[in-house]
Amino acid sequence: MAQPILETAYGKLRGSSAGGVHVFRGVRYGADTGGANRFRPPQPPAPWSGARDALTNGPAAPQLAKPENTDPFFAWYSAIEPPSEDCLFLNVFTPALDNARRPVMFWIHGGGWREYSGGATGFDGSALAREQDVVVVAINHRLGVFGHLMLDGDSHPDAGNVGSLDVVAALEWVRDHACAIGGDPDNVTVFGESGGASKTAALLSMPRARPLFHKAILQSSAGGMRLAEPSEARRNADGLKTALGLDRLTAETMRELPMQAVLEATRQVPSPFRGMIDGRTYIEHPYGDKAAAAAAGKPLLIGTTGTEATYYMRGDPGNFALDWSQVVARLGRFFEIDKTAAARITDAYRAANPNASASFVLFLAASDFIFKRNGYRIAGLQAATGAPVFSYHFEWETPVENGRMGSVHTLEVPFIFGTTDAARACVGSGQDIPAMSSKMMASWASFARKGDPNTAQLPRWAPYSQADPQVMRLGNECCLAHDPGGTARSALADLPYFGYAHNIAAITAD
């Protein structure tokens, strides 16, 4: 089969075709962000002549290496290309280069605001594009210190959010090229998991991004309710300044430093560099007391997995054999409450889950606090804008490692992309996997197509509201439920919502 040619505004690209899908990898949507462009908003690519190969992923954004990059259990999600400041690339998966105006599903990878990339094998959009007749786009963008650093002075006022402006530039590329890649510029759904969900929530609050996408999917959003306040951004900048031995953080001074030296210095910074309220890109939090004005009316699909927190526990087998005193102590540290209050919360979860082990109770309470409370809060606030909102609880459990991981954080992702073979070290190879993946792919594509995830493969999926919190329980058997787990979760009602200031390490060790 002849290699497909995509004509972009900057030049021609030569892709590949397999299984009825055209794939273009390493598609440049912005210029190199190194050198003079470090900390500048994204610049357009330079045009080229002839046809360039678009057969391999572009570089990952600058980031520190992590064990998850190579651990098979995580690597389908966490593997990265060699990092470079020249990182503004995206991948396109499309059934055809025609005028069919398919829904476009625009994927923002997870990893907080600081790591991973859109090129991991679990994010290959070929199966989703082929099976559901949609266009899938997965992006890389600046992360961490290179995407969200508050500089001294006023010469680079956007430096604190250039990573988010990269995402906007990628959405603008999609708008301008949707018809060329067989998509519909008027039907773009942004979706992301974990940090990708938090970045998607941030987009919902950004006035400049509002016309560029039409629906959103938030999968396991933990820190998506609030952006960094200027005070947090300043503390991080001061910490970096101290680590680098600088008197001032200016673009000129920072450009003289090697990429790796800057990354290493971030180890001494108190909290992650992330999107911040700057009065320019972001003027309000995505979900504070109410949904941001820019989010009003946007259809939303949002949910979590059953035992998200096992993701953080896997490194120590002892975490799966805790006693009740350890659970009380860890929850007390994590929630920053006294032993009596921690015991009361533990007892509430024990009462609601009488057959659960001590470790499993910790997993449930931590999962509720980090992910589920925030997710249901976002769902209710978004529904209050008049938007159609659908909520889910992914309950399929992985059999690997003797089933101890349950329905772990990230587990739903390969079912949505149809990449369960690539994620076999995480999901296993059970005979129930194809049917589960079919359900997930169909519902996500249905939502992208029409703002409603209902399909013939599921019972009726009713919308979510604060007054009537209906949630689809997604597993081998699916059912609609009223506020699943809400009885135990109500024990957390007096606690603040989870944010990046909370130390997840408090639940992973004594």
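Isoleucine 5 has arginine 14, in strand 2, as its bridge partner. Strands here are DSSP runs of E with at least two residues, helices are runs of H or I with at least four, and both are numbered from the N terminus. A word on the ground rules: this is a predicted model, in which local features need pLDDT of at least 70 and side-chain atom pairs count only at pLDDT 80 or more, while totals for chains, interfaces and linings use all residues. Residues are numbered from 1 along each chain as its sequence is written, and side-chain values use heavy atoms, leaving out hydrogens and water.

Back to the sheet. Strand 1 and strand 2 (residues 12–14) run antiparallel and are joined by 3 bridges; two strands count as paired if DSSP finds at least two bridges between them. They belong to an open sheet of 3 strands in the order 1-2-5, with mixed pairing. Strand 1 (5–7) and strand 5 (51–53) each have a single partner strand, so one side of each edge strand lacks a neighbour in the sheet.

Next, the nonpolar cores. A core is a set of buried Ala, Val, Leu, Ile, Met, Phe, Trp, Tyr and Cys residues joined through side-chain atoms within 4.5 Å, and buried means under 20% relative accessible area, with exposed over 50% and partly exposed in between (1.4 Å probe, protein chains only).

| Core | Residues | Members include |
|---|---|---|
| Largest | 59 residues | Phe106, Val137, Leu203 |
| Second, separate | 50 residues | Phe73, Phe417, Val427, Phe447 |

In the largest core, Phe106, Val137 and Leu203 touch the most other members. Beyond four places in sequence, phenylalanine 106 touches residues including Val137, Ile139, Leu171 and Phe191, where contact means heavy atoms within 4.5 Å.

Now for a helix pair. Helix 10 (residues 324–335) packs against helix 11 (residues 339–352) at an angle of about 120 degrees, their axes 8 Å apart. Axes are lines fitted to C-alpha atoms, for helices over the stretch in contact, and angles run from 0 to 180 degrees between N-to-C directions. Among the residues that meet are Trp324, Leu331 and Phe335 in helix 10 and Ala342, Ile345 and Arg350 in helix 11.

Finally, valine 408 sits in the loop between strand 12 (389–394) and helix 13 (413–417). Valine 408 is buried, at 0% relative accessible area. Leaving aside neighbours within four places in sequence, its contacts include Phe73, Thr305, Tyr311 and Cys426. Valine 408 and arginine 175 are 35 Å apart in space, C-alpha to C-alpha, and 233 residues apart in sequence.
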